[in-house]
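Please open the model in your viewer and keep a selection tool ready.

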Amino acid sequence: MQAVKPAERLSSSRSQPDVGRGQGERPVPLKTRLWRYRWAYLLILPGFLYFVIFHYVPLWGNIAAFQDFSPYRGYFHSPWVGLQNFSDIFSNPDIGYVIWNTVLLSMLQIIFAFPAAIVLALMLNSMLSERFKRFMQSVLYLPHFLGWVIIISIWQQFFGGDGLINQIIQALGGHTIDFITNSAFFRPMLILQVMWKETGWGTIIFLAALSSIDMNLYEAAVIDGASGWRRLWHITLPGIRNVIIILLILRMGSILDTGFEQIFLQMQGVDIRVAQTIDIFTYIQGIQGGQWGLTTALGLVKAVVGTALILLTNKVVKLLGEEGLF
Amino acid sequence: MQVNTPLDTSTTVQVESSERPVWARRQAPLVRWSLTTFMIILAVLMIFPFLYILSTSFASFQDTTANNVLVIPQHPTLEGYKWLWNGGVILPAFGVSVIVTAAATFIGVLLTAALAYGLSLRGLPGSKFFLWVVILTMLISAGLIPNYLLVRQLNLLDTLWALILPGVVSGFHVIVMRQFFMNIPQELIDCAHIDGANDWQVLWNIVMPLSKAVVAVIALFTAVAQWNSFFKAILYLSDSRLYPLSLIVRMLVLQGQTPTDQMSNLSTSAAPPPELALQMAAVVVTTVPILLIYPFLQKHFTKGVLTGSIKG
């Protein structure tokens, strides 16, 4: 492979093209170099094979999107159907709300969960007691490391039919509220869970950006008599703007990912037209229903849309005069 | 051997940020107190659920059926844990989770380190090609169905390998580790080569010991992901004897099945099972290992995340 830009950037810190390890002036013949690195190739081999088998073979497996695929016939003997699977996706009566649910959930997350991490990072950053701040950080990061099964089990102890919240409501003489299986509560619950689990973790990257802002800027502002809010608006926020934009661009790329486990674990009893997202649909129709071609095609559409959205958002951001991702 | 790896720089950043200039140490009392109050409320919101789960796991049958708000059980017992143990599903599941986590962490770290080392060698012919093979896996990946079909074709369905192998090496981890390896002084590696060490020995005896921090980050992240993994088990397993903890917790807590069905011979004992306590005991058993390694995680992950995000 010839020089490609990002790879070049990655290896630039010690680039010493084509002279091998030796400091000699003469170019070393390829055969000698290959032999010199025989152990290194042996080290690369297992990882390389891993990626070929577990990443590139499935990528190639996307050809099932153009087949009437059945696992018994395999990729080589399944009949080709052209774009039939793709047109089947869009004539599927469920696909409308499936896509809507997916996009809506992602948008709700971007609107509520994403800014929450920024606000929390700003608050943590303005805490004066370093010990209290460290304590808060360890408390806030913890739920990120727990699986969804645990998070939802805990959640149901609070919001379930005889959970703590309903016990309190009853003790106060009210009627119990059905938080778990009521479709109206489904989306707000999902968003709140994501916020409880991930907001703390999300602050890390913003805190890093905040700590890299030049302190002299603040000092100058203070001398000029700028208030705390003005410093926030004119120094802090512009200082982390790039990070916010980059994360937003990346987030747009995963707008069709809503996380399988979280929804799968609590969709029982909820109206399927509210709960079903692309990932759930793929699981039910593909793995359980055997519509391999159709669901592979949907996966392919999802991947292409994700990439397109990253490129598009990046373009828009650049048109607005920001730096962008690439 | 003391070598400054890039890890050391991130600790100095932390120290600097704790020494605020005089002007930044003042804050209006109102701001200060509302901030503190908010943080305390937040801390309670984060910690209380865990304490509540823990206390419920010790509740007795009377506690859980009593009609009052239950926060601290009046008659704490270990019944929940006893029933969970006697149910006979939790121990095998715990074993599966431990085996799968250990295997994935070992294999993951080994393959990641070997690949990262190979990619960190400047003069290696074809290194750009291999680097791109890794980077592309981060940019594009296949969907659910092709991955499932692969595991099926490899005949891994209903084996523990189906939980271990998919996703065991992450391109991102390889790039992060490579970045660390590249910051190790070349002279050290050259010296070892002159002394007759081959690349395998250099990696094992020089590079790895100097990169303990990054190895720890990647090992911990792989382990936590594997311990929590649920989707792979749902996808690839139908034999309930292979179920890891996460699936058992779902069965017990979210689907409300009790292991008691399988032990009717024991149900002659007087007290009925404290079902809620049993469920919460399962949650506690699954959470405790994460809590135990959390201090180590915390020591390393911020550095790991930051190096990754800045350089990757």
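The tour starts with numbering and confidence. Residues count from 1 along each chain as its sequence is written, while chains are lettered from A and ligands numbered from 1 in the order written. The model is predicted: local features need pLDDT of at least 70, side-chain atom pairs count only at pLDDT 80 or more, and totals for chains, interfaces and linings use all residues.

Select chain A. Its secondary structure is 16 helices and 0 strands (DSSP runs numbered from the N terminus: helices are H or I with at least four residues, strands E with at least two). Along the principal axes, the C-alpha atoms of chain A fill a box of roughly 90 × 70 × 40 Å. Of its 326 residues, 32% are buried (20 or more other C-beta atoms, placed from the backbone, within 10 Å of the residue's own).

Next, select helix H6 of chain A, residues 95–125. At 1.5 Å a residue, its 31 residues should span 45 Å, and the end C-alpha atoms are 44 Å apart, which agrees (the expected span is 1.5 Å times one less than the number of residues). Centre on A:Ile110, where H6(A) bends by about 35 degrees (the angle between axes fitted to the seven residues ending there and the seven starting there). Buried residues of H6(A) include A:Leu105, A:Gln109 and A:Ala113. Among the elements covering the buried residues are helices H7 (130–141) and H10 (183–211) of chain A.

Finally, show both chains. The contact takes 84 residues from chain A and 84 from chain B (C-beta atoms, placed from the backbone, within 7 Å). Helix H3 (residues 38–61) gives the most to the chain A side, with 15 residues.

Technical notes: Two residues are in contact if their C-beta atoms, placed from the backbone, lie within 7 Å. A residue is buried if 20 or more other C-beta atoms lie within 10 Å of its own, exposed if 12 or fewer, and partly exposed in between; C-beta atoms are placed from the backbone.
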